[in-house]
Amino acid sequence: MSSHESHQHPEPHIHGEPHTHGEPHTHGEVTGRKAGIVIASTRAAAGVYEDLTGPVIADWLTEHGFETYPPMVVPDGEPVGAALRALLSQRPSVIITSGGTGLSPTDATPEQTLPLLDREIPGIMEGLRTVGAAKTPTALLSRGHAGAAGTTFIVNLPGSPKGVMDGLGVLDPILGHLCDQLEGTHGH
C-alpha cells in the first residue's frame with residue numbers, strides 16, 4: 001500500500017465489488033449519482049422570503065456524494081409538476097421536494113407528484129410521519145408521497161428546515177440501497 005495513484009484515472013470498477021476510493025459510506029455508495037431539488041413555495045419563488053430548505057437539502061445530498069442540481073424554487077401547484085418533469089428528463093437518481101404537502105388550498109405537491117410515480121414506497125412516508133410526529137404532532141397532516149418514477153426516487157418532504165432535517169435522517173440509512181435497487185445493481 002505504499003504507492004499512491006493520486007490523480008490518475010481510477011482502475012476500472014469491477015461490477016459487484018465495493019467501490020474503494022473516497023470516504024466509506026455506511027448507507028450505500030452514491031458517488032456520481034445526480035440529484036434534484038424542488039422547493040414548492042409561492043412566497044420564496046416571488047422573493048418575499050429566502051428559501052431555507054433548499055440549501056439544507058443540497059448540502060446533505062452533496063455530503064452524501066450526489067452531484068446536485070441547483071434547487072428549483074417554484075410557486076405551489078402546477079409549477080411543481082413542471083419542475084419535476086424537467087428534472088426527470090435529466091434522469092437523476094433522486095429528487096427531493098420540500099413544501100406544499102399540507103392541507104392549505106394551495107398545497108398541491110402530492111397531487112403534482114403522484115401521477116409521475118410508477119410505484120409508491122409507502123413505508124418511507126410512514127417512517128417520515130412517525131419520526132416527525134414524535135416531535136411535532138402536525139407532521140401527521142403531511143400528505144406527501146415517496147416512490148419511483150422509472151429509476152428515479154422521488155420523495156416529498158415538509159416545507160420547514162426542521163421537518164426536512166427529520167426527513168433526511170430517515171432517508172440516511174436507506175438511500176444508497178434504494179438507488180441500487182431501482183437501478184437494478186443490487187442482488188436483492
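Arg143 and Glu111 form a salt bridge in which the closest N and O atoms are 2.6 Å apart. This pair links distant parts of the chain, since Arg143 sits in the loop between helix 5 and strand 6 and Glu111 in helix 4 (residues 109-113), 32 residues apart. A salt bridge here is a side-chain nitrogen of Lys or Arg within 4 Å of a carboxyl oxygen of Asp or Glu. Helices (H or I, at least four residues) and strands (E, at least two) are DSSP runs numbered from the N terminus.

The model is predicted: local features need pLDDT of at least 70 and side-chain atom pairs count only at pLDDT 80 or more, while totals for chains, interfaces and linings use all residues. Residues are numbered from 1 along each chain as its sequence is written, and side-chain values use heavy atoms, with hydrogens and water left out.

**Salt bridges**

The count of salt bridges comes to six. Three of them are listed below, including the pair already described.

| Salt bridge | Closest N to O distance |
|---|---|
| Arg143 and Glu111 | 2.6 Å |
| Lys135 and Asp166 | 2.9 Å |

Glu183 lies in helix 7 and Arg33 in the segment before strand 1 (34-40), so their pair ties together parts that are 150 residues apart in sequence. Glu183 is partly exposed at 32% relative accessibility, whereas Arg33 is buried at 11%. Buried means under 20% relative accessible area, exposed over 50%, and partly exposed in between (1.4 Å probe, protein chains only).

Asp166 counts as buried, with 14% relative accessibility. Salt bridges that share partners also join Arg33, Asp180 and Glu183 into one network.

**Helix 5 and its surroundings**

Helix 5 (residues 122-135) has 14 residues and spans 21 Å from its first C-alpha to its last, close to the expected 20 Å. The expected span is 1.5 Å times one less than the number of residues. The buried residues Ile124, Met125, Leu128 and Gly132 belong to this helix. Seen down the axis, the buried residues of helix 5 fall within an arc of 95 degrees, so they line one face; the arc is that of the directions from the helix axis to the C-beta atoms. The face turned away from the buried side carries the exposed residues Thr130 and Ala134. Strand 6 (146-149), strand 7, helix 6 (161-171) and helix 7 (175-183) are among the elements covering the buried residues of helix 5.

His145, in the loop between helix 5 and strand 6, is buried at 15% relative accessibility. Its side chain makes a polar contact of 2.9 Å with that of Glu120. A polar contact is a pair of N or O atoms within 3.5 Å; within protein, one must be able to donate a hydrogen and the other to accept it, and residues adjacent in sequence count only if both atoms are side-chain atoms.

Thr152 lies in strand 7 (residues 152-157) and is buried at 2% relative accessibility. The side chain of Thr152 reaches the backbone oxygen of Pro92 at 2.5 Å. Beyond its neighbours within four places in sequence, Thr152 is in contact (heavy atoms within 4.5 Å) with residues including Leu88, Arg91, Pro92 and Leu182.

Arg91 is found in the loop between helix 3 (78-88) and strand 4 (94-98). Arg91 is exposed, with a relative accessible area of 68%, and has a positive phi of about 55 degrees although it is not a glycine. Most residues other than glycine have a negative phi.
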